[in-house]
Amino acid sequence: MGESIKSKYKPSHPKKYKGNVENIICRSSWERKFCRYCDLNENILEWGSEEFYIPYVSPVDRRVHKYYPDFIIKVKESTGTIKTYVVEVKPK
């Protein structure tokens with residue numbers, strides 16, 4: 001199971017990261033492993049961690065809130081097409 005260890009990740013390939021490379025926060029060992037995967041995988045062209053948000057209206061207070069997904073990645077598929085994925089990292 002992923003440990004709840006908060007840490008900063010320093011990428012080996014900072015040009016691939018879309019956001020502030022000085023402030024990549026990993027909220028678990030699972031997220032840290034995914035950062036490393038994104039950083040070192042040659043098919044991942046760009047990636048970011050909590051660098052964008054999805055606005056939504058809360059059913060509780062009916063106000064607009066911001067949801068920050070764990071990751072966004074741009075991937076070169078085996079077919080050569082480029083796709084963007086939003087990724088949530090969870091232990092199960």
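Which residues do ring pairs link into a cluster? Select Tyr 9, Tyr 17, Phe 34, Tyr 37, Trp 47 and Phe 71: ring pairs join these residues into a cluster. The model is a predicted one, and the structure holds 6 aromatic pairs.

**The whole chain**

One helix and 7 strands are present, and along the sequence they follow the pattern β-β-α-β-β-β-β-β. The C-alpha atoms fill a box of roughly 45 × 35 × 30 Å along the principal axes. Of the 92 residues, 30% count as buried. Among contacts with a separation of 6 or more, 42% are between residues 24 or more positions apart.

**Two ring pairs at Trp 47**

A pair of aromatic rings is described by the distance of the centres and the angle of the planes. Tyr 17 and Trp 47 form an edge-to-face pair, with 4.7 Å centre to centre and 75° between the planes. Tyr 17 lies in the loop between β1 (7-8) and β2 (25-26), and Trp 47 in strand β3, so the pair ties together parts that are 30 residues apart in sequence. Both Tyr 17 and Trp 47 are buried.

Trp 47 and Phe 71 form a tilted aromatic pair, 6.4 Å centre to centre and with 35° between the planes. This pair, too, links distant parts of the chain: Trp 47 is in strand β3 and Phe 71 in strand β6, 24 residues apart. Trp 47 and Phe 71 are both buried.

**The largest nonpolar core**

Which residues of the largest nonpolar core touch the most other members? Select Phe 34, Cys 35, Trp 47, Phe 71 and Ile 73, which hold that position among the 14 residues of the core. The elements that contribute two or more residues to this core are α1 (29-40), β3 (44-49) and β6 (71-76).

Now centre the view on Phe 71 and show its surroundings. Neighbours within four places in sequence aside, Phe 71 is in contact with Glu 31, Phe 34, Cys 35, Trp 47, Gly 48, Ser 49, Tyr 85, Val 86, Val 87 and Val 89.

**The three-stranded sheet**

Select β3, β6 and β7 together. They make up an open sheet of 3 strands in the order β3-β6-β7, with antiparallel pairing. β3 and β7 (82-87) stand at the edges with a single partner strand each, so one side of each is left without a neighbour in the sheet. On average, neighbouring strands of this sheet are turned by 15° against each other, direction ignored.

Move to β4 (54-57) and β5 (64-67). These strands run antiparallel and are joined by 4 bridges, and they form a hairpin with 6 residues between them. Ile 54 stands opposite Tyr 67 in β5.

In the turn of this hairpin, select Arg 62, which has a positive phi of about 60°. Is Arg 62 buried or exposed? Arg 62 is exposed, with a relative accessible area of 70%.

Then show Lys 66 and Tyr 53. The charged end of Lys 66 sits over the ring of Tyr 53, at 4.6 Å from its centre.

**Glu 50**

A positive phi is also to be inspected at Glu 50, where the value is about 55° although the residue is not a glycine. Glu 50 is placed in the loop between β3 and β4. With 25% relative accessibility, Glu 50 counts as partly exposed.

**The segment after β7**

For the last stop, select Glu 88, which lies in the segment after β7. Which residues does Glu 88 touch, not counting residues up to four places away in sequence? Its contacts of this kind are Tyr 67, Tyr 68, Pro 69 and Asp 70. Glu 88 is partly exposed, with a relative accessible area of 33%. Finally, draw a distance from the C-alpha atom of Glu 88 to that of Lys 76: the two are 12 residues apart along the chain and separated by 19 Å.

Methods:
Residues numbered from 1 in each chain as written. Predicted model: local features only at pLDDT ≥ 70, side-chain atom pairs only at ≥ 80, totals over all residues. Heavy atoms only, no water. Core = buried A, V, L, I, M, F, W, Y, C linked by side-chain atoms within 4.5 Å. Buried < 20%, exposed > 50% of the residue type's maximum accessible area, 1.4 Å probe, protein only. Contact = heavy atoms within 4.5 Å. Pairing = 2+ DSSP bridges. Axes fitted to C-alpha atoms, helices over the stretch in contact; angles between N-to-C directions. Phe/Tyr/Trp six-rings, centres within 6.5 Å; stacked < 30°, edge-to-face > 60°. Lys NZ or Arg CZ within 6 Å of the ring centre and 35° of its normal.
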